[in-house]
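The entries follow in the order in which I looked things up.

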Amino acid sequence: MLNTKMIGNRIAEARKKKNISQAQLAQFLFISPQAVGKWERGESSPDIITFNRLSEILGVDLNYFSENFQSANDGTVSKTPIDSTGDIEQTAQEVANLSRTGERQVRINLTAVNLQESDFAGVILHKGKFKASPLCRADFAGADLTGSSFEVSDAREANFDGANVTDCSFSITDLSDASFCKSVLVRTDFNKSSLVGTKFTDVKLTDVKLTMTDLRKTIFENCVFNGVDFKYSDLRGMRFDGHTFIGVQFDKSALNDVSFTGATLRNVSFRLPFSVTNKSYRAFKTVCFDGAIMDKLTYAGLKGLWVVDLSKVTVI
């Protein structure tokens, strides 16, 4: 087991020797100053990628973070001196340039690892793989998780606020009460996952897929749905009042008592969940479009279903 207190002391010691503040170190690592503070207090520990970056920035060997490390030069841990503000700024620029110019990204496998309440705030993890991993209350705030996959994982109450989850997939993952405030959701795939109490706030969902997902208690606030596919999903009782839908498909999803009051719909398609039966029409008749604004094509498609009340719709 990692001795987080010892590691925290080592980080603080090396940082102070280089005359680098917590805020500066956080900037070099592209993370929050709070994350550095947690490390130095022994409340959490960096991941292996961050350890490598720490060793480069602080000028120490990776073994420096080990309990068995013995200094070879009377307590001087630096292998590369950083003696001035100019050197620090140069180091920061080098780190930033490395990130921009093709830093090698490897697939990080975090399968079946207990990561409850782990601090991943601000990390860069492309194509990471979380499978059968407890992630309850894990903090991914501001992280770049592009291309990562979450499969058969418990991510209840996880924090994805401000995170980049482009091309990420969540399959059979419990995201109950998780938060996606101002997150980047592009081509994100939610498949057979629990979104009970999950909150999406100030988010633009672009080319997102929600397949066989129960959304009845999901919270959407100030969201734009662009190219989103709802397929075989349960949206009964959902309120999408005032939201914007562009190029969206509701494909064989349950829409009983869904409200689109005051919403804007452009190029939106509705495909009923059952064959043409009285049951499917009765269910769709409960959808409310009062005050909605929609284009002519969306209006024509809805009008063709006969049962929907479009008397209070504005066609543009």
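**Salt bridges and one phenylalanine**

I began with a group of four residues, and found Asp-214, Arg-216, Asp-234 and Arg-236 linked in a network of salt bridges. I note here that I am working from a predicted model, and that the structure holds 11 salt bridges. As a reminder to myself, side chains of opposite charge can pair when their charged atoms come close.

**Entry on Glu-40 and Arg-15**

I next looked up Glu-40, whose side chain meets that of Arg-15 in a salt bridge with an N to O distance of 2.6 Å. This pair links distant parts of the chain, since Glu-40 lies in helix α3 (residues 33-40) and Arg-15 in helix α1 (residues 4-17), 25 residues apart. Are the two partners buried or exposed? I read a relative accessibility of 11% for Glu-40, which therefore counts as buried, the cut-off being under 20%. Arg-15 is also buried, with a relative accessible area of 9%.

**Entry on Glu-43 and Arg-41**

I then turned to Glu-43 and Arg-41, whose side chains meet in a salt bridge at 2.9 Å, N to O. For Glu-43 I noted a relative accessible area of 52%, so this residue is exposed, the cut-off being over 50%. Arg-41, at 47% relative accessibility, counts as partly exposed.

**Entry on Asp-251 and Arg-271**

Which residue forms a salt bridge with Asp-251? I found that the partner is Arg-271, with the closest N and O atoms 3.6 Å apart. Here too the pair links distant parts of the chain, with Asp-251 in strand β14 (residues 249-251) and Arg-271 in strand β16 (residues 269-271), 20 residues apart. On accessibility, I recorded that Asp-251 is buried, with a relative accessible area of 13%, whereas Arg-271 counts as partly exposed at 47% relative accessibility.

**Entry on Phe-270**

I stayed with strand β16, where Phe-270 is found, and noted that Phe-270 is buried, with a relative accessible area of 13%. Which residues does Phe-270 touch, not counting residues up to four places away in sequence? I listed the phenylalanines Phe-250, Phe-260, Phe-284 and Phe-289, together with the leucines Leu-255, Leu-265 and Leu-302. I also looked up the separation between Phe-270 and Thr-298, which are 28 residues apart along the chain, and found their C-alpha atoms separated by 8.8 Å.

Methods
Residues are numbered from 1 along each chain as its sequence is written. This is a predicted model: local features need pLDDT of at least 70, side-chain atom pairs count only at pLDDT 80 or more; totals for chains, interfaces and linings use all residues. Side-chain values use heavy atoms; hydrogens and water are left out. Helices (H or I, at least four residues) and strands (E, at least two) are DSSP runs, numbered from the N terminus. Buried means under 20% relative accessible area, exposed over 50%, partly exposed in between (1.4 Å probe, protein chains only). Contact means heavy atoms within 4.5 Å.
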